[in-house]
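Please look at the sequence and the model first.

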Amino acid sequence: MKRACTTIVALGIMIGAAGFVLLVEARPGQVTLTAIDDTYVNSVEGNVDSNYGAAYFLRVSKWQFSSTVYERLTWLKFDLSSVPDGVVVDVATLQLHTSTVVETYTVYAHSCSVSSWTELTLTYSNKPSFNPTSMSSTVILAGTPTKWYNWNVIDAVRNSLNNEANLVTIVLRETTIRGLLSFVSFDSKEEGNGAHAPKLIVHWIPVTDDSNPPTTLHDYDGLWHTADFTTTLTATDDLSGVAETYYKINDAPTQNVSAHGQPLITMENANNRLEYWSIDKAGNEELPHKILTGIKLDKTCPTIKTPSRTPDGETFPDQSVKVSVNVTDAVSEVNNVTLSYTTNDGATWTDLPMNYNSSINLYEATIPSQPSSTQVRYKIVSYDHAGNNATLDGTEPYCTYQVIPEFLQLLIMPLFIIATLLAVIVYRRKHFM
Ligand SMILES: [Ca+2]
Ligand SMILES: [Ca+2]
Ligand SMILES: [Ca+2]
């Protein structure tokens with residue numbers, strides 16, 4: 001019995017020892033790093049190839065002589081290998097100690113994805129390009145030598161760790177033109193006993209502390225669209241960061257944004273459905289999945305059939321003309337139909353809204369009576385609710401008619417009266433004989 005117990009205790013210690021190492025890495029932690037490379041570069045013509053890596057100071061300046069602007073930039077490099085894998089950096093603070101402050105400066109910190117430079121070879125000419133957008137800035141006040149100043153450089157540190165790089169480069173510069181001989185100097189790691197060397201404080205939290213899933217938002221505007229369009233999904237996560245955003249369109253198989261891009265709506269429908277959600281790097285899934293319905297797409301123009309006219313034969317000067325037409329639309333339905341007419345091929349078109357007559361399923365508008373001999377041309381334009389439009393442009397033969405000329409009217413009217421009289425006579429003879 002005793003022997004068995006001893007074995008169990010020994011096992012427990014082994015598991016405990018193995019677990020202890022993991023637990024240390026899973027705890028929040030912090031390291032203070034000292035720059036492994038620090039130097040500055042100078043844009044003055046005679047100094048563009050100069051190296052200052054062994055100097056006991058680092059300089060930042062910006063000044064103008066004649067019409068040329070000159071600058072000194074400070075370059076810093078830190079080794080992040082002591083930051084454990086799989087943690088989330090929540091604080092990264094750069095600290096520099098001033099030695100000379102000629103006037104008040106605003107010193108901006110920039111990230112640089114290239115860390116292959118060394119402090120003893122870097123010059124203004126061979127420096128890598130750095131991110132032109134600064135991460136943060138700090139005001140260095142005139143008359144404050146021998147003082148520590150801080151910059152938030154979390155973007156640079158996170159970028160390096162996300163790219164699985166162990167090195168991080170930070171560039172410091174001023175963007176405002178200062179006095180001709182002014183500058184700010186910081187102590188380099190070569191100064192004195194190194195106590196004032198540039199420092200980088202990195203604090204992290206373990207991913208396992210992250211129990212909150214991401215939040216995903218869409219940017220659909222709720223409106224009808226007339227062409228395939230993308231709904232952009234944007235996800236945020238409080239700690240570990242977003243690992244992936246997923247979606248399903250109309251219950252099709254699941255897709256993810258990194259492989260398939262943002263959801264593209266291509267199906268014509270008044271009620272497309274998008275299900276979407278994200279998962280963070282700690283494995284927390286956004287539940288329940290979000291559902292967006294009523295995504296509207298209509299790529300099809302209305303259909304305008306051949307219109308009819310009443311009267312459809314001769315048109316007299318005192319007659320108005322009613323135009324009727326069948327217009328339909330797939331998906332979003334007809335929004336409006338307009339008849340425009342012009343007389344004698346004039347440049348001015350008069351618009352008449354066409355009203356829907358539900359008893360005959362036709363849109364109708366009445367063109368007012370016109371003087372004799374007038375030629376009338378009309379066209380019909382219809383829009384659906386999505387904004388697609390179709391046009392009968394008036395070049396079709398049935399879109400033109402002419403009010404009969406006066407002499408024809410004088411000719412036709414007696415003929416019409418005679419024909420009517422004859423018809424009456426024939427009728428009476430048939431029925432009363
Ligand atoms: Ca140095
Ligand atoms: Ca989270
Ligand atoms: Ca349509």
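The notes below go from the whole chain to its sheets, cores and loops.

This is a predicted model, in which local features need pLDDT of at least 70, side-chain atom pairs count only at pLDDT 80 or more, and totals for chains, interfaces and linings use all residues. Residues are numbered from 1 along each chain as its sequence is written, while chains are lettered from A and ligands numbered from 1 in the order in which they are written.

**Overall layout**

- The domain assignment gives domain 1 (26–207), domain 2 (210–297), domain 3 (304–402) and domain 4 (407–433); such bounds come from an automatic or database domain assignment.
- The centres of domain 1 and domain 4, taken over C-alpha atoms, are 107 Å apart.
- Along the principal axes, the C-alpha atoms fill a box of roughly 140 × 90 × 30 Å.
- There are four helices and 30 strands, which are DSSP runs numbered from the N terminus (helices: H or I, at least four residues; strands: E, at least two).
- Of the 433 residues, 29% are buried. Buried means that 20 or more other C-beta atoms lie within 10 Å of the residue's own, exposed means 12 or fewer, and partly exposed is in between, with C-beta atoms placed from the backbone.

**Sheets and strand pairs**

- One open sheet of four strands has the order β21-β22-β27-β26 with antiparallel pairing; two strands pair if DSSP finds at least two bridges between them. Its edge strands, each pairing on one side only, are β21 (308–310) and β26 (355–357).
- Three bridges join β21 to β22 (residues 321–325) in the antiparallel sense, and R309 stands opposite V323 in β22.
- Another open sheet of four strands, also antiparallel, runs β16-β15-β18-β19, with β16 (255–256) and β19 (290–297) as the edge strands.
- β15 (residues 242–249) pairs with β16 over two bridges, and Y246 stands opposite N256 in β16.
- β12 (residues 215–218) and β14 run antiparallel and are joined by four bridges. On β14 (residues 233–236), L233 and A235 form the covered face, and T234 and T236 the uncovered one.

**Nonpolar cores**

- The largest nonpolar core has 43 residues, and W75, V153 and I170 have the most contacts inside it. Such a core is a set of buried Ala, Val, Leu, Ile, Met, Phe, Trp, Tyr and Cys residues joined through C-beta atoms within 7 Å.
- Strand β5 (residues 87–101) gives the largest share of this core, six residues.
- Apart from it lies another core of 17 residues, among them V327, Y378, I380 and Y401.

**Loops and backbone details**

- The peptide bond joining L287 and P288 is cis, with omega about -10°; P288 is in the loop between β18 (269–280) and β19.
- A cis peptide bond also runs from T310 to P311, with omega near 0°, and P311 lies in the loop between β21 and β22.
- E333, a residue other than glycine, has a positive phi near 75° and sits in the loop between β23 (327–328) and β24 (334–343). E333 counts as partly exposed because it has 13 C-beta neighbours inside 10 Å.
- S373, in the loop between β27 (362–367) and β28 (375–384), has a positive phi near 75°.
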